[in-house]
Amino acid sequence: MAQNAPVAGSPLSTEEMFEGNAQQAEPHSSTSPRYLIPDVSRSHRQVHEDTTGLSISPSSAMTTKELQDYWHGVKSERTTFKLLFEIPSTRTVEHGLSRYVVYQIVVLKSGSYDSKRVSVERRYSDFERLHLQLLQDFSEELEEVTLPRKRVTGNFAEENIAERREAFKDYLARLYAVRGVRRCALFQDFFTEPELKRAHGCLCGGQYSRALELLLPALDLQEKLAQHCPALTVPTLCAVTVCQRDLDDAAAAFATGQRALPLVRRYGVRKYRCPLLALLVDLGFQLGLPVAALQEELCRVTDAQRGPVSLLSLKELVVQEFT
């Protein structure tokens with residue numbers, strides 16, 4: 001695929017900003033769960049890619065609006081930020097005969113005030129699993145990055161927990177410092193996959209409020225972790241849109257869908273485009289908003305499709321992606 005030319009006067013080329021997305025993604029079946037819960041059997045040097053194919057170059061087939069969205073996205077994505085990891089607290093959990101410590105991890109943008117202070121909880125076994133999986137692909141890069149060790153005794157002593165808390169904070173910072181690691185699926189899934197799985201179960205069970213409570217923080221984390229490829233947030237944005245629609249919050253659903261649509265256009269996330277447009281048209285009618293442009297785009301994209309046309313609704317597609 002042809003690469004974009006560097007922007008004059010910019011310290012980073014477009015190729016650098018979109019590294020990991022320059023190759024055409026391989027096709028997959030419509031039921032593949034890789035997008036939200038990637039197949040860990042594949043090499044995680046292949047950073048999350050939309051397996052329907054990514055397009056990061058402007059095309060003569062784009063409308064004026066799509067070209068404006070594309071270049072706006074390119075310019076905004078050139079402003080990158082680094083992340084900081086804090087572990088401000090821990091708690092000891094006793095479940096039957098099992099006893100373990102969970103660590104609260106906060107992911108923050110550096111260099112500016114971060115109003116979205118999102119946290120997740122992970123236990124030692126989660127860190128250990130991440131480390132072992134990363135070593136399969138990054139053994140050389142992680143030669144000097146060691147996982148904090150458990151003690152033979154005293155694992156629940158306050159001073160030992162405090163020491164390990166600081167060690168895990170340093171461990172995450174050192175992982176993030178490795179470019180390939182911070183852009184790989186495993187590292188990002190460490191922060192979001194458990195919550196996305198629980199959200200899927202709630203969504204499938206009709207518990208939309210609970211699903212939304214899990215999806216929104218996960219989305220905030222994805223937006224921080226996926227600077228190199230914002231298209232990774234599309235499935236979660238669409239899941240949020242579906243939950244808001246089914247909670248009869250049409251205005252919020254329309255706004256969230258409008259956040260997803262430019263990413264769907266810009267990165268060529270084709271299988272989401274028609275279902276998302278169809279839902280936005282329906283929501284626009286409900287809200288009394290002008291939808292002629294959306295309808296025209298939906299007709300144009302549908303007519304341009306080759307082969308069998310998917311009739312899945314956005315909700316059906318979201319459920320399929322999470323499965």
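**Exercise 1.** Find the salt-bridge partner of D220 and work out which parts of the chain the pair links.

*Solution.* Start with the rule: a salt bridge is a side-chain nitrogen of Lys or Arg within 4 Å of a carboxyl oxygen of Asp or Glu. D220 pairs with K116, and their closest N and O atoms are 3.5 Å apart. D220 sits in helix α7 (residues 208-225), while K116 is in the loop between β2 (98-109) and β3 (118-123), so to say 104 residues apart. These labels come from DSSP runs, numbered from the N terminus: helices are H or I with at least four residues, strands are E with at least two.

A quick word on what you're looking at: this is a predicted model, where local features need pLDDT of at least 70 and side-chain atom pairs count only at pLDDT 80 or more, while totals for chains, interfaces and linings use all residues. Residues are numbered from 1 along each chain as its sequence is written, and side-chain values use heavy atoms, with hydrogens and water left out.

**Exercise 2.** Decide whether D220 and K116 are buried, partly exposed or exposed.

*Solution.* Grab the cut-offs: buried is under 20% relative accessible area, exposed is over 50%, and partly exposed is in between (1.4 Å probe, protein chains only). D220 has 18%, so it counts as buried. K116 has 39%, so it lands in the partly exposed group. Now widen the view: K116 and D220 belong to a salt-bridge network together with E223 and R259.

**Exercise 3.** Look at R122 and say what its salt bridge ties together.

*Solution.* The partner of R122 is E195, with the closest N and O atoms 2.8 Å apart. R122 lies in strand β3 and E195 in helix α6 (residues 185-204), so the bridge joins parts 73 residues apart in sequence. Both R122 and E195 are buried.

**Exercise 4.** Check how the span of α6 compares with that of a straight helix, and find its kink.

*Solution.* The expected span is 1.5 Å times one less than the number of residues. For 20 residues a straight helix would give 28 Å, but α6 spans only 24 Å between its end C-alpha atoms. Then look for a bend, meaning the angle between axes fitted to the seven residues ending at a residue and the seven starting there. A kink of about 55° lies at F191, shortly before the proline P194. Finally, 15 of the 20 residues of α6 are buried, so the rest of the structure largely encloses this helix.
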